[in-house]
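Please look through the following model with the sequence beside it.

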Amino acid sequence: MARRGVELLDRRLLFVTGKGGVGKTSVAAAIGLLAANRGKRTLVCEIDAKGNLADFFEESANTFEPSELSPGLFGMAMDTEESLKEYLKLQLRIPLLARIGPLARSLDFVATAAPGVKEILTVGKLCYEVRERNYDLVVVDAPATGHVVGQLMAPQAINEMVKVGRIQDQTRWMVDLLSDPRVTGTVIVCTPEEMPVTETLELVGRIRSETRVDLAGIVVNKVLPELFGRGEEEIFTQMRTPAIAAKLSKYAGAPAESVLEAAQLAVTLRRTRAGHISRLRAEIPSDLDLLYVPYLFTKTHGVRATRSVADALGAELGY
Amino acid sequence: MTPGKRQSRSKAVGTLEQLVAAKEIVIVCGSGGVGKTTTAAAMGAMAATHLGGKVLVLTVDPARRLANALGLEEFGNIEKRVPDELFRASGVEPLGELWAAMLDTKESWDDLIKTHAPDQQTRDEILSNPLYQNITGKFGQSHDYIAMERLYEIHSSGRYDLIIVDTPPTRNAIDFLEAPERMAEFFSSRLLRWLITPYRSRFVNAASKPFYSIADRILGSQFLEDIARFFILFQTMYDGFVERAQAVTRTLSDRRTTFVVVSTLEEVPVREAEFFIDALDGRGFNLGALVLNKVLPQYFLDPSANDAAMVLVRDADQLADRLADNFAIAEGAELSDHRARISRVLHDVGESFLNYRVVATREAEQRKDLEATPDVVANAPYFETDIFDLAGLLSMGGQIWR
């Protein structure tokens, strides 16, 4: 597929978001795997501590300290308290660890109650990994659609709010990294269903108008296979008439009615979804690419599933 | 998390209708994409139709889902009534009224400040404080508290007989439950007093000195002053806030409030539903019902249908030969093409069944665990098309209601 913007995997920081349940984590894991397989040292970071990213690699839960999930692919789980400690250690070179403890705890408390602090500690850590070139690519399993904008704009918002001081300098380079399309991009994952498509369209608008982060692409996940080719649907319609269905059951030696009904369900589901794909295609800006990933019947988790998704994405990207 | 931790109670004893009829607040939760909003709206529509009274569906999700499902163009902080004509167009005459609202965080915060500020000057100063504007306008977390606050406000106003709340996805919903408590804790915290002290008096004690020097270096003194000023202003409303937050928490654990967990039978949502059921249990909240959505038809688990599907895949050619005469042959098509086409259809039909059967089998396993806890378990099937209007909501509601 010809790409019009910056190549997806040539960026350095990718935020993968989408409505809950669309397979955001699975796609983030697959992008990570795809990049690692192509020789990039890659970090995949989960923000919601659901401990479920590791499932996609059959590994134990990620921690703040990255661990190697497969060759060249590292996983970590965001922890804002750890992030703050690391920041204090790096920035202030405070020698007394004992002092950081209670301070970090109380600041974490502020972070819990005062909004924005968690976001900046999260985005700050990610930007730091990118700036230090610790990895070629950092893939973020970001919050769901409703919350991702708050996260993406946190450095900018704080930058505008705080006029002087270290935070001002700190947020400025973050804003620079985030707003550079060669560095940072957002990937929206959706499924071909009513609400996910609607939310994706809304999110495209919000990201473009409220943040300075570039949109890198949209992944349409769980695309159902087309059941019938040309002329076959006509045959199928006839097959469902009681007379033929009864004969089919007789010749097959088992009742085929439910099997035919199931196929009708499959056709309906596919058709409904195809309609949503068309709507998505029609309404997104034409410079945005859609990448299709098929629905996996056999398993939705584990190494094999992640590999299937990575392969599908790779094919879509022309690898 | 071990499912064994949950208390195993008697299975499914009531209906969703009974549960909803007995409650004043129904909080609908579950992971994203499971049809939570649709379920909340469907329950609201059913309650308004069959139970009467004034029913409000309140969504706190920043994404505008409910508006779509209810066919309302605009949708905001002010509650709107779903017109009766919409019900009539769907073939029902509602006993009661259905209302809907979507939380506008900024507006709700402003209202709250207006209520609690001791005087005009404090009020204006807070409303124009840059920190306040950022917090209320831009960051997600202030959403959680204000949602609970608004629920409390609406409930205690007595404007509705039933309020159905559609919450953000699971992990957020936990934040959501804890938000009032967290707010109260925050306002009574030592840390907050620390932050404010130097701006009230020039005296800084030895214990807090390192804190200020570090905070100054990180944040810059201007920002720190903004924060302090903001919190000093907020402190004037301290009593009102804490009292309010505690009242909100009480309302949530009250027996007039119940929680409905919605899930599909996919792996991730099921795991999150389990997590949520445990969290509710642990906090002493009332779990009223589990609604399972997009459940595949039972026939996928029928062994004889499975046999038929396997024969279709295996013997597609032979079956096509025997059946070919029963089909109208496409104009100009060769007989061999005709048969090949029938064979392909038979094969694909069989294969499709077997594919979905894998999913159905996995899902049957998933439901065993989930069903153990709640008193009411309701199932909604896959619908032919997406639910996008009131008729669709009522049709889904009909599936889960009794």
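Which residues of helix α9 (residues 232–239) of chain A are buried? In this predicted model, local features need pLDDT of at least 70 and side-chain atom pairs count only at pLDDT 80 or more, whereas totals for chains, interfaces and linings use all residues. Residues are numbered from 1 along each chain as its sequence is written, chains are lettered from A and ligands numbered from 1 in the order in which they are written, and side-chain values use heavy atoms, with hydrogens and water left out.

The buried residues of α9(A) are A:Glu232, A:Ile235, A:Phe236, A:Gln238 and A:Met239, where buried means under 20% relative accessible area, exposed over 50%, and partly exposed in between (1.4 Å probe, protein chains only). Seen down the axis of α9(A), these buried residues fall within an arc of 160°, so they line one face of the helix; the arc is that of the directions from the helix axis to the C-beta atoms. An α-helix has 3.6 residues a turn, so residues three or four places apart point the same way. The cover over the buried residues of α9(A) includes α10 (242–252) and α11 (257–283) of chain A, together with α17 (335–370) of chain B, with contact meaning heavy atoms within 4.5 Å.

Chain A has 12 helices and 8 strands, which are DSSP runs (helices H or I, at least four residues; strands E, at least two) numbered from the N terminus. In chain A, 8 strands form an open sheet of mixed pairing, in the order β3-β4-β2-β5-β1-β6-β7-β8, where two strands pair if DSSP finds at least two bridges between them. At the edges stand β3 (67–70) and β8 (290–294) of chain A, each with a single partner strand, so one side of each is left without a neighbour in the sheet. Neighbouring strands of this sheet are turned by 25° against each other on average, direction ignored.

Strand β4 (residues 73–77) of chain A has 5 of its 5 residues buried, so it is largely enclosed by the rest of the structure. From β4(A), A:Leu73, A:Gly75 and A:Ala77 point one way, while A:Phe74 and A:Met76 point the other way. Strand β2 (residues 42–46) of chain A pairs with β4(A) in the parallel sense over 5 bridges, and A:Glu46 stands opposite A:Ala77. β3(A) runs antiparallel to β4(A) and is joined to it by 3 bridges; the two strands form a hairpin with 2 residues between them, and A:Gly72 in the turn has a positive phi of about 80°.

Elsewhere in the sheet, β1 (residues 13–18) and β6 (residues 184–190) of chain A run parallel and are joined by 6 bridges, with A:Ile188 as the bridge partner of A:Thr17. Helix α8 (residues 194–210) of chain A lies across β1, β6 and β7 (214–223) of chain A, running at about 165° to β6(A); axes are lines fitted to C-alpha atoms, for helices over the stretch in contact, and angles run from 0 to 180 degrees between N-to-C directions.

In chain B, B:Thr264 is placed in the loop between β6 (257–263) and α14 (267–282) of chain B, and B:Thr264 is buried, with a relative accessible area of 2%. Not counting residues up to four places away in sequence, B:Thr264 touches B:Val34, B:Pro269, B:Val270, B:Asn293 and B:Lys294.
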